[in-house]
Amino acid sequence: MFRNNYDNDSVTFSPQGRIFQVEYAQEAVKQGSVVVGIVSKTHAVLAAIKRNAEELSSYQKKVIPIDTHYGVALAGLASDARVLSNFMRQQSLSSRLTYDRPILLSDITSRIADRAQTNTQQYGRRPYGVGLLIAGVDARGPHLFEFQPSGVTQEMVACGIGARSQMARTYLERNLDEFEGSSREELIRHALRSLKESLAQDKELTVDNTSLGISGIGEDFKLYEGQDIAEFLETTFENKEQEPAAGGEGMEVDDS
Amino acid sequence: MNHFPVGWGRPRDDVYGAYNPSYLPQSHGGTQANPITHTQSPIVTGTSVLAIKYKDGVVIAADNLASYGSLARFTDVKRLKQFNRKAVVGFGGDVSDMQYLDRLLNSLDVEENYGGDAPAESGPHMSAKNLHAYLSKVMYKRRSDFNPLWNAMLVAGLDESDKPFLAYADLLGTTYSSPSLATGFGAHLAQPIMRRAVPNEAASRELSKEQAVECIKECMKVLFYRDARSMPVYSIAVIDGKGVDLKEDEKLENQSWAFAEQIRGYGTQTV
């Protein structure tokens with residue numbers, strides 16, 4: 001009958017010192033499809049797998065450009081990410097208007113962290129059910145930050161969150177030493193490869209289900225989707241040709 | 001018991017009688033003729049601020065006088081305020097508003113540096129350009145509230161890429177920038193002299209620190225000759241890549257009042 005008395009709200013500790021609502025929110029992140037981020041000395045890259053609810057539907061947005069110098073990738077509840085990204089856009093704009101400078105990534109990260117943490121401390125509120133990777137370039141160079149529903153944020157060299165992201169992280173850990181000196185193209189290839197690691201056996205990275213966000217020193221944050229990433233996919237997975245181009249996906253056309 | 005929240009915490013009408021609002025202006029239910037007003041003119045004022053850009057930085061100066069009308073009331077008022085090691089603000093106009101802005105800028109500096117985990121070598125994140133943008137927004141906000149901060153200011157220092165930066169902001173929220181700038185009387189008396197040294201940006205990139213300091217000192221002297229609200233003790237700051245060098249007790253050197261005898265047309269002379 002009484003499975004758990006301590007998970008009704010986010011302000012009650014369990015006798016073991018845990019806050020279950022926060023832990024459940026962190027589970028929501030693990031339900032979302034995988035996103036990875038990597039930084040080098042010059043660039044920051046976000047890569048994500050998009051999911052579609054059904055064959056004929058569109059794909060859920062995974063990478064959101066916030067300001068010209070950075071963007072976020074999300075795993076978890078997209079609606080919560082929308083709230084947070086709107087807030088980040090407001091804060092970024094206000095930094096530009098008041099101080100005439102792009103906001104620091106460490107600044108914006110701690111601002112959403114404060115917001116998220118407040119949600120875990122007030123009765124009647126709930127934690128955000130979304131994890132974010134915040135990547136871009138500011139006055140202090142390229143950065144990648146991880147944000148969790150608990151309000152924990154960390155600066156990372158490389159990071160993956162979302163469903164089956166352990167496989168992606170394993171790839172990132174194996175190649176950790178290479179990232180710092182990587183070129184833009186190498187960094188993109190690493191991101192795509194790590195993304196592929198966490199894909200189910202029968203799944204493939206395609207122009208439809210992959211999102212890339214790239215920014216660098218002197219290069220604004222840009223979102224690559226659809227045909228724009230075809231070349232990145234080709235150069236990353238050169239051996240793809242061996243398999244017959246995944247049949248049945250394309251529309252049937254009369255070839256008269 | 002008065003159940004209306006508006007009555008809570010006020011003297012009770014049945015004990016003290018109804019509140020007498022007659023001292024209030026008409027706009028607030030009283031009988032006074034004049035409405036509530038904000039600052040209509042400055043009270044204790046500082047005069048000109050001068051600044052000039054040179055190849056590695058900026059030189060800025062203002063005298064140490066705060067006048068009460070035409071009375072030289074305070075002779076030790078430092079009107080150059082260092083914000084961080086990249087920016088100095090020089091204030092002309094109302095001294096109390098300067099003190100308010102100084103406190104505002106100090107709290108801004110604390111906020112900027114609080115909890116910072118930035119590496120020491122990355123330097124302050126707030127450049128003179130950022131500070132000027134912020135200040136001009138504060139000034140424009142206050143004038144839009146019809147409650148202006150009665151100042152004209154120069155922000156001198158380095159921008160985010162450590163190039164010399166100099167810009168003006170005033171009580172109207174007006175801003176502009178130039179290789180040399182002056183507020184108040186200095187805009188009439190000193191600016192033409194400074195423009196001889198730096199007619200354009202290219203010239204300011206050629207100017208040496210010694211030439212810039214010399215030019216500013218010369219202008220401070222001319223201002224003391226001709227501006228009746230000035231004094232011969234002044235502050236001068238040089239901001240460059242090495243930081244801020246602020247001196248607050250400089251005295252004018254080599255004054256020569258010989259020209260004064262030639263002046264005709266006003267004063268006590270009868271010829």
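This is a predicted model: local features need pLDDT of at least 70, side-chain atom pairs count only at pLDDT 80 or more; totals for chains, interfaces and linings use all residues.
User: Why are H2(A) and H3(B) called roughly perpendicular to each other?
Analyst: Helix H2 (residues 78–99) of chain A packs against helix H3 (residues 128–144) of chain B at an angle of about 85 degrees, with the axes 7 Å apart. Axes are lines fitted to C-alpha atoms, for helices over the stretch in contact, and angles run from 0 to 180 degrees between N-to-C directions. Angles under 35 degrees count as roughly parallel, over 145 as roughly antiparallel, 65 to 115 as roughly perpendicular and the rest as oblique. H2(A) and H3(B) are therefore roughly perpendicular.

User: Which residues of H2(A) and H3(B) meet?
Analyst: A:Leu97, A:Thr98 and A:Tyr99 meet B:Asn130, B:Ala133, B:Tyr134 and B:Lys137, where contact means heavy atoms within 4.5 Å.

User: What makes E3 and E7 of chain A edge strands?
Analyst: Five strands form an open antiparallel sheet in chain A, in the order E3-E4-E5-E6-E7. Strands are DSSP runs (E, at least two residues), as helices are (H or I, at least four), numbered from the N terminus; two strands pair if DSSP finds at least two bridges between them. Strand E3 (63–67) and strand E7 (153–155) each have a single partner strand, so one side of each lacks a neighbour in the sheet. The twist averages 20 degrees from one strand to the next.

User: How do you know that E3(A) and E4 of chain A pair?
Analyst: Four bridges join E3(A) to strand E4 (residues 70–76), and the two run antiparallel.

User: Which helix lies across E4, E5, E6 and E7 of chain A?
Analyst: Helix H3 (residues 105–119) of chain A does, running at about 160 degrees to E5(A).

User: How much area do chain A and chain B bury between them?
Analyst: The value is about 970 Å², 51% of it on carbon and sulfur atoms. Buried area is the accessible area (1.4 Å probe) that two parts lose on being put together, summed over both. A:Tyr99, A:Arg101 and A:Arg140 supply 59% of the area that chain A buries against chain B. Eight residues of chain A are in contact with 12 residues of chain B.

Technical notes
Residues are numbered from 1 along each chain as its sequence is written. Chains are lettered from A and ligands numbered from 1 in the order in which they are written. Side-chain values use heavy atoms; hydrogens and water are left out.
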